[in-house]
Amino acid sequence: MSDISRAHPLWQPSQEAIARSNMRGFMDHVSKRHGVTMETYGDLHRWSIEAREDFWSEIWDSCGIIGEKGARVLAHDTMPGARFFPDASLNFAENLLRRDDETLALLFNNEGVNAKPMSWRELRAEVARFAAVLKGWGVEPGDRVAAFMPNCPETIIAMLAATSMGAVFSSCSPDFGVRGVLDRFGQIEPKVFIACDGYRYAGKVLESHEKLAEIIAGLPTLEHVAIVPFIGVGPKNLPKTEDWRKLLDEAPATPLTFTRLPSDHPLYIMFSSGTTGVPKCIIHSAGGTLLQHVKEHKLHIGLKPGETLFYFSTCGWMMWNWLVSGLAVEATLALYDGSPFAPDGNVLFDYIDHAKIDVFGTSAKFIDALKKSGAKPRQTHDLSSVRLILSTGSPLVPESFDYVYEDVKRDVQLSSISGGTDILACFVGGSPLLPVWRGEIQARGLAMATEVWDDDGRPVVGEKGELVCTKAFPSMPIGFWNDPDGAKYNAAYFERFPGVWCHGDFAEVTEHDGFIIHGRSDATLNPGGVRIGTAEIYAQVEQLEEVQEALAIGQDWEGDARVVLFVVMKPGVRLDEALEAKIRKRIREGASPRHVPAKIVAVADIPRTKSGKITELAVRDVVHGRKVKNVEALANPEALDLFANLKELQN
């Protein structure tokens, strides 16, 4: 077992905080209603698995889901094939737009510039206007509405208007290249396209018109295109386009209505990263998404009406969809677009203090970058509003836990969470009832039968294995687009262990019943037949002050696989024999001798996906002379050239 725990937790909730938490209130309600003893989080989780139908029925009722619930909670309890609330009728947008008053719904900050806040009443009015536009364009249930947009209020307005009438929404961020957009939206054949005229990043204004001309030409099913004047230019002479603001200003004044549809009606089409081929189009349902998100927002995150939720995300990452659902529990959303370091590394912490953010969500990479920059927000900012910090995207290493508590804020719950685009939710995450242990994710998600299995399909604790979910849950995808017999869907999740969701994460259950994610299963290293998670290596190497970032792969070599470590050095640092020895010593002592790389190679950059995740598989393909199938999925595809035909790997 990984020896990363300490004798005492880094943070413990007070008894007062536990007593006033939404989760404790939910437990007390369940105890009374169902006659079960509920003292600990473990009690609640156990009941949520053993009585899943009762649990999800209580989530529907206690979270105030708007719609017709129907008689049945779960039909065909198999994976795949399970249907939750099969008789229900609801509308996703109706559940998010449950308020109509002057309190704040949306805040927006674009690289340090705060826009005018938007009230719930203003949000509803804008959604009503764009819904009237879409109706005038003949949009019907099931039609696809695609967006090429920043994380700004207009994107949320477009999504809510589309889903209010049962259209299916899909989005990506404007930093995507033309091929990356067409590989995604070309598959789903949208009727309507919403795009920005440009965006800002790292202080630069980047126009989108050239890209948009190619994208619009490459999507023959488009009937209408709305251009949001995000940088103040507008449509210019782009074909099929109309100005967003003009459309809304001239829209007929009609009341906002909601089309209620079955719970499993498609809501979103999400996309896999696409680094191993054309992205998979993953269809998520309105009911399944709503139920999972209100469970996580209300119970796990503990959001109360009027609290402010922030998550640093683009519209090409599932965390945007997750963030937006905070409206369903009447939270105020703090949106941000641009670089998290523009104009400087204070920008997000300035935003916290300005907007009085209660829940601050970011990536493990951001926390690591902050640590390496020497930033000490605890000394420079107030941060008194923040009660919870969330981290996802990649494993949060133990030293990053230390950094948060030493240099960001001491009295705060730090929850590393993990799930994915595939489920639009979390398998494991935080609990307001539990302590935070160094380097660990706190708990399994409620009603998520999450376990770690060995190669023989046996649950293990204190050993590394495959992260699985053994029982059906509402946010399983409806399926994949253009996969009529479900073959691709089955192969993606159920081939390894039939009837059990195998997520593709290499993980471990700890002595505290928490979790450690050691990396993706398909990126695990296998020297001498022993599986090693890449995150275990990064956790050691990236603590060295000389190393900016690292990436590890297994290189096929003399009938086995040897570990190769690529490192990006800090400015002014050179990789020499002494530093190589220091790196190997750190890995040997901090992980194990098996983790020590056979080769260490310095590179100028590391390729990453649009959502900021490093991509070991693409590098592994380049090193082995194989063609990378979809370079458009990468934010910096030119970095791949740095790994081709390296002389250091020829011996």
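**Packing and pairing in a predicted model**

Q: Which residues does Ser48 touch, leaving aside residues up to four places away in sequence?
A: This is a predicted model. Residues up to four places away from Ser48 in sequence are not counted. The residues that Ser48 touches are then Phe55, Leu446 and Ala447.

Q: Is Ser48 buried or exposed?
A: Ser48 sits in helix α3, residues 41-50. Buried requires under 20% relative accessible area. Ser48 has 0% relative accessibility, so the class is buried.

Q: What is the mean pLDDT of the protein chain?
A: Confidence can be read per residue or over the chain. Of the chain's residues, 98% reach 70 or more. The mean pLDDT of the protein chain is 94.

Q: For residues 1-5, how many contacts beyond four places in sequence does the model have?
A: Over residues 1-5, pLDDT stays under 50. Contacts are still present in the model for this stretch. Beyond four places in sequence, they number 15.

Q: Are α2 and α11 roughly parallel or roughly perpendicular to each other?
A: Two packed helices are described by the angle between their axes and the distance between the axes. Helix α2 (residues 22-34) packs on helix α11 (residues 286-300) with the axes 7 Å apart and an angle of about 105 degrees. The range 65 to 115 counts as roughly perpendicular. The relation of α2 to α11 is therefore roughly perpendicular.

Q: How many charged residues are in the contact of α2 with α11?
A: From α2 come Asn22, Met23 and Phe26; they meet Lys298, Leu299 and His300 of α11. By class, three residues are nonpolar and two are polar. The number of charged residues is one.

Q: How many of the five residues of strand β10 are buried?
A: In a regular strand the side chains alternate between the two faces of the sheet. Val192, Ile194 and Cys196 point one way from β10, while Phe193 and Ala195 point the other way. Both sets are buried. Strand β10 is largely enclosed by the rest of the structure, because the buried count is five of the five.

Q: Which residue in β13 is the bridge partner of Cys196?
A: Strand β10 pairs with strand β8 (residues 144-148) in the parallel sense over four bridges. There, Ala147 has Ile194 in β10 as its bridge partner. With strand β13 (residues 224-228), β10 pairs in the parallel sense over five bridges. In β13, the partner of Cys196 is Val228.

Q: Which residue in β19 is the bridge partner of Thr308?
A: Thr308 and Phe310 point one way from strand β18 (residues 308-311), and Leu309 and Tyr311 the other way; all are buried. Strand β18 runs parallel to strand β19 (residues 332-337), joined by three bridges. In β19, the partner of Thr308 is Thr332.

Technical notes:
Residues are numbered from 1 along each chain as its sequence is written. This is a predicted model: local features need pLDDT of at least 70, side-chain atom pairs count only at pLDDT 80 or more; totals for chains, interfaces and linings use all residues. Side-chain values use heavy atoms; hydrogens and water are left out. pLDDT is the predictor's confidence in each residue, from 0 to 100. Contact means heavy atoms within 4.5 Å. Axes are lines fitted to C-alpha atoms, for helices over the stretch in contact, and angles run from 0 to 180 degrees between N-to-C directions. Helices (H or I, at least four residues) and strands (E, at least two) are DSSP runs, numbered from the N terminus. Angles under 35 degrees count as roughly parallel, over 145 as roughly antiparallel, 65 to 115 as roughly perpendicular and the rest as oblique. Ala, Val, Leu, Ile, Met, Phe, Trp, Tyr, Cys and Pro count as nonpolar, Asp, Glu, Lys and Arg as charged, and the others, Gly among them, as polar. Buried means under 20% relative accessible area, exposed over 50%, partly exposed in between (1.4 Å probe, protein chains only). Two strands pair if DSSP finds at least two bridges between them.
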